[in-house]
Structure formats: structure tokens, C-alpha cells
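Dear colleague,

Please find below the sequence and structure that I am handing over to you. My notes on the findings follow directly after them.

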Amino acid sequence: MHFSGKFKLYLALIRWDRPAGWLLLLWPTLSALWVAADGFPGWHLLAVFVAGTILMRSAGCCINDVADREFDKHVKRTAQRPVTTGAVSVKEALAVGAVLALLAFGLVLSTNTLTVGISGAALAITLAYPYAKRYVSMPQAVLGVAFGMGIPMAFAAVQGEVPALAWVLMLGNLCWVLAYDTEYAMVDRDDDLRLGIKTSAITLGAWDVPVVLLCYLLFITIWAVALISYAQGAMFYIAILVALAQVLWHFTLIRSRSREGCFKAFRLNHWLGFAVFAGIAASYFVQ
């Protein structure tokens with residue numbers, strides 16, 4: 001296979017055509033960066049965290065596809081992934097993942113020692129997540145921790161320490177991840193039951209929709225209360241109302257538990273995260 005064909009397979013491997021994944025990581029990370037810096041954090045840190053987020057999400061896709069290759073071939077939505085079909089070998093996928101993770105680590109090295117240390121913990125959780133669904137009844141919680149590590153890293157990079165606020169925001173973000181990744185798990189519930197994979201959608205059963213809504217509301221409430229003396233002004237509260245309106249919309253999408261509705265709700269979650277970030281950034285801009 002010539003170079004361009006292989007390159008296209010690698011882009012498919014890292015889900016380059018599906019930016020929703022890295023956007024879900026990016027918005028809470030940038031929100032934390034703005035709060036930590038009391039406004040615009042500067043071009044260096046902005047570039048490090050945007051590029052680092054994209055690189056680490058892409059590396060995570062490589063690791064996940066290798067870990068799940070035997071499961072994915074039995075799930076309609078994932079059966080055509082490059083590692084599952086054999087178009088990309090396990091060694092290739094791991095090599096691509098390693099290169100991407102090393103590039104991300106190189107970016108983190110331009111910050112400070114504490115941020116580097118937290119990035120090591122973030123990598124360990126990222127490596128553990130694909131295997132959590134074999135043993136943990138709510139593996140989405142593990143993903144929630146992995147997806148929230150950018151928050152303490154942002155504070156560490158700006159302030160050289162991780163204040164209590166960072167952990168409160170991370171807890172709120174964990175609730176958001178539980179909400180949208182349970183929607184994602186609802187798409188594959190039938191396949192996952194057949195394969196014996198553990199997910200929050202299976203564990204929650206008939207409580208899936210109420211718990212998703214509760215997690216959304218916990219996320220928005222925790223962030224709104226935690227940031228009340230930071231992101232001041234009308235713009236932040238308008239953004240919170242926009243986020244709440246999206247939660248209502250998501251309820252209409254998932255209440256019937258259809259695959260299409262649940263997948264659409266998951267895919268559009270990054271707009272909820274963007275609304276919160278935009279409110280935070282705008283509130284600092286107009287101060």
C-alpha cells in the first residue's frame with residue numbers, strides 16, 4: 001500500500017474525521033486554563049493544551065482499538081475500525097499511539113515539573129481505561145477521571161500548584177462525562193450485553209435516562225457554584241442557561257432510548273461544553 005493509503009488508515013485510526021472526541025476533552029481543559037490564568041492564558045499555554053489534547057485523544061484511540069479489537073468485530077458501529085479489520089496491525093497502532101503520546105509529552109515538558117508529573121498520572125489512567133469495561137461496572141467513571149486530568153494540569157501549568165477549585169471542577173466534569181458516555185453506551189447496549197462487556201448503561205438499566213439527566217444537572221450546578229466568584233457577569237449565567245437548554249434537548253433525544261437519538265445526543269455534547277467555556281471566556285473578556 002502506498003503512503004497516502006496508509007496515511008488515510010492512520011487518520012481513520014485516530015478518528016480524525018470525528019473531532020467530537022477531542023472537543024469533549026478540550027472545552028473543560030480550556031475553561032480551567034482561563035480560570036487559572038484569570039483570563040487569557042497566553043499563546044504558549046493555549047497551544048500546548050490544544051495540541052496536547054488532540055494528540056492524547058488520538059493516542060487513546062490507538063490504545064482503545066488495540067484493547068477492544070476482539071470485541072469491536074462483533075459490534076456493528078465499530079466492526080470497520082482499521083485495527084479490527086486488520087488494515088492496521090496491532091504493532092502499527094501501538095507505534096502510532098506511542099509517537100503521538102511522546103509528542104504530547106514533549107509539549108508538556110515546556111511547562112513545569114508539577115504539570116509533567118500529573119501528565120504521567122493521566123497517561124496511566126488512559127492506558128487503564130480500555131480494560132476497565134471488563135472489570136468495573138461503571139467504566140465511564142474511569143473515563144471521567146482520564147478526561148478530567150487536563151483540569152489540574154491547566155492549574156499546575158499556570159499557577160505551579162493545584163488548588164481545591166481544580167478538584168471541584170474535575171468532580172463536576174466527571175459528572176458530565178458520566179452523562180455523555182452513558183448516552184454513548186446506550187447506543188451499544190444490546191451488543192455489549194451479548195459480549196459480556198460492563199457499561200453504565202447496562203448497570204443502570206431502566207434508571208439510565210434519569211441518571212444521565214441528574215449527572216448533567218450536577219455538572220452544571222457544581223461548575224456554576226464553584227465559579228461564582230471567578231467567572232462573574234451576565235455572560236457566564238447566559239451560558240449556563242444555554243447549557244441547561246441543551247440538557248432539555250438531550251432528554252428529548254434519549255428518552256426513547258433509540259440508537260440514533262442516543263448517538264446524536266453524544267455527538268452533540270461538545271456544544272454544551274463549548275457553551276460553558278464561551279461563557280467563562282466572555283466573562284473575563286468583559287471584566
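I begin with Leu107, which lies in helix α6. Please note that the model is a predicted one. Leu107 counts as partly exposed, at 26% relative accessibility. Setting aside neighbours within four places in sequence, Leu107 is in contact with Val48, Ala51, Gly52 and Leu55.

With a relative accessibility of 38%, Gly106 counts as partly exposed. Between the C-alpha atoms of Gly106 and Gly52 the separation is 9.1 Å, and along the chain these residues are 54 residues apart.

Helix α3 has 25 residues, and from its first C-alpha to its last it reaches 36 Å, close to the 36 Å expected at 1.5 Å a residue. This helix is mostly covered, as 19 of its 25 residues are buried.

How does α3 (residues 43-67) cross α7? The two axes come within 10 Å, and the crossing angle is roughly 35°. In hand, the crossing of α3 and α7 is right-handed. On the α3 side, the residues that meet α7 are Met56, Gly60, Ile63, Asn64 and Ala67. On the α7 side, they are Leu123, Thr126, Leu127, Tyr129, Pro130, Tyr131, Lys133 and Arg134. Sorted by class, this contact has 8 nonpolar, 3 polar and 2 charged residues.

Helix α7 spans residues 113-135 and also holds Gly117. From C-alpha to C-alpha, Gly117 and Ala156 are 9.8 Å apart in space, while in sequence they are 39 residues apart.

Asp65 lies in helix α3. Is this residue buried or exposed? Asp65 is buried, with a relative accessible area of 0%. Not counting residues up to four places away in sequence, Asp65 touches Leu13, Arg15, Asp72, Arg81 and Val83.

Asn269 has its place in helix α16, which runs over residues 269-285. Asn269 is likewise buried, with a relative accessible area of 0%. With residues up to four places away in sequence again not counted, Asn269 touches Leu24, Trp176, Tyr180, Glu183, Tyr216 and His250.

Helix α13 and the cysteines

Helix α13 (residues 208-226) has 19 residues and reaches 27 Å from its first C-alpha to its last, close to the 27 Å expected at 1.5 Å a residue. Its buried residues include Cys215, as well as Tyr216, Phe219 and Trp223. Tyr216 is also one of the residues that Asn269 touches.

How many disulfides does the structure hold? The structure holds 0 disulfides. Cys175 is in no disulfide, and the nearest cysteine sulfur, that of Cys215, is 5.6 Å away. Conversely, Cys215 is in no disulfide, and the nearest cysteine sulfur to it, that of Cys175, is 5.6 Å away. The pair is not counted as a disulfide because the sulfur atoms would have to be within 2.5 Å. Cys175 is buried, with a relative accessible area of 10%. Cys215 counts as buried at 9% relative accessibility.

Backbone points to inspect

Most residues other than glycine have a negative phi. Arg15 has a phi near 55°, a positive value in a residue other than glycine. Arg15 is found in the loop between α1 (3-13) and α2 (20-37), and it counts as buried at 11% relative accessibility. Arg15 is also one of the residues touched by Asp65.

The other is Asp38, which has a positive phi of about 60° although it is not a glycine. Asp38 is found in the loop between α2 and α3. Is Asp38 buried or exposed? At 57% relative accessibility, Asp38 counts as exposed.

With kind regards

Terms used. Residues numbered from 1 in each chain as written. Predicted model: local features only at pLDDT ≥ 70, side-chain atom pairs only at ≥ 80, totals over all residues. Heavy atoms only, no water. Helix = DSSP H or I, 4+ residues; strand = E, 2+ residues; numbered from the N terminus. Buried < 20%, exposed > 50% of the residue type's maximum accessible area, 1.4 Å probe, protein only. Axes fitted to C-alpha atoms, helices over the stretch in contact; angles between N-to-C directions. Left-handed = near helix turned anticlockwise from the far one by under 90°. Contact = heavy atoms within 4.5 Å. Nonpolar A, V, L, I, M, F, W, Y, C, P; charged D, E, K, R; others polar. Expected span 1.5 Å × (residues − 1).
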